[in-house]
Amino acid sequence: MQETIQETIQETSALTQGQLLPMASSRNLNRFWEWGRKIICVGRNYAEHAKELKNAVPTEPVLFLKPPSAYVREGSPVLIPYYSNNLHHEVELGVVIGKPGKNIEQSRAMEHVGGYALCLDMTARDTQDKCKNKGLPWTLAKAFDTSCPISDLVPKEQIRDPGDVKIWLKVNGSLRQEGSTSSMIFPVPFLISYISKIISLEEGDLILTGTPAGVASVQEHDEMLAGIDHIISMKFKVEKQS
Ligand SMILES: O=C([O-])CC(=O)C(=O)O
Ligand SMILES: [Mg+2]
């Protein structure tokens, strides 16, 4: 299984390098976060991040979900859940689905991309550790309200190759995370194909593609500033849930 996945990644990531790909969306995706669609998250997709949390580097994608109620937009705060004392930031490239599909071939995966977004996968790390220890799902750690800060839609043409952009995050002006999507273990076309064989993809769904190394805590009153290269940035204040 492992070999097959690695071989297919190598074959098809070559297909997406530097190509101009057709627009896919039939609907205007500008406010996709209001559509109530799925947020499918990929975990441990950067080896350095898997290692910093002492997790094995995966041989298949690790998937989990957030509900659409997790979205929060600039101007509203990110809230520390009442049960957590260790809320972590995870900056991630988001892929917005523009054309529905099941069992999508990797060679056609980019046709299903309608655009991109900058996302934070806010994680109650202490809660996640407890869930991991007990073998329980990560819902409380990952799916709470405001756990998915999201930027405006980045038009597809602005990112020619989702496998070659820099994502970064600062807290109170200090750089905490900076990584290139070229370090992803499972690249975007592979992820779209893999996920679509398990979960049907619909227009407006979002795939969070995993975080590079440097995840750490945020405290009440902190300010997070994150970006994709110089293409887009967004700012969020952290507050306690009342
Ligand atoms: O570290 C985690 O919780 C897994 C994850 O979401 C990621 O790697 O982006
Ligand atoms: Mg994540």
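1. Conventions. The model is predicted, so local features need pLDDT of at least 70, side-chain atom pairs count only at pLDDT 80 or more, and totals for chains, interfaces and linings use all residues. Residues are numbered from 1 along each chain as its sequence is written, and side-chain values use heavy atoms, without hydrogens and water.

2. Cavity. A search of the whole structure finds 1 cavity of 30 Å³ or more. A cavity here is a set of points on a 1 Å grid over the protein atoms alone, where a 1.4 Å probe fits but cannot get out. The largest cavity has a volume of about 110 Å³, volume being the space filled by probe spheres set on the points.

3. Lining. Lining residues have an atom within 4 Å of a point. There are 17 for the largest cavity; closest to its centre are Gly43, Arg44, His49, Glu90 and Lys142. Strand S1 (39–43), helix H2 (47–52) and helix H3 (125–134) each give two or more residues. H3 gives the largest share, 3 residues. Helices (H or I, at least four residues) and strands (E, at least two) are DSSP runs, numbered from the N terminus.

4. Alanine 47. This residue is found in helix H2. Alanine 47 is partly exposed, at 23% relative accessible area (buried is under 20%, exposed over 50%, partly exposed in between; 1.4 Å probe, protein chains only).

5. Its neighbours. Alanine 47 touches Val57 and Ile185, not counting residues up to four places away in sequence (contact: heavy atoms within 4.5 Å). Alanine 47 and threonine 211 are 164 residues apart in sequence, yet 9.8 Å apart in space, C-alpha to C-alpha.

Notes:
Chains lettered and ligands numbered in written order. 1 Å grid on protein atoms, 1.4 Å probe; cavity = no way out; pocket = protein on both sides within 12 Å on 5 of 7 lines; lining within 4 Å.
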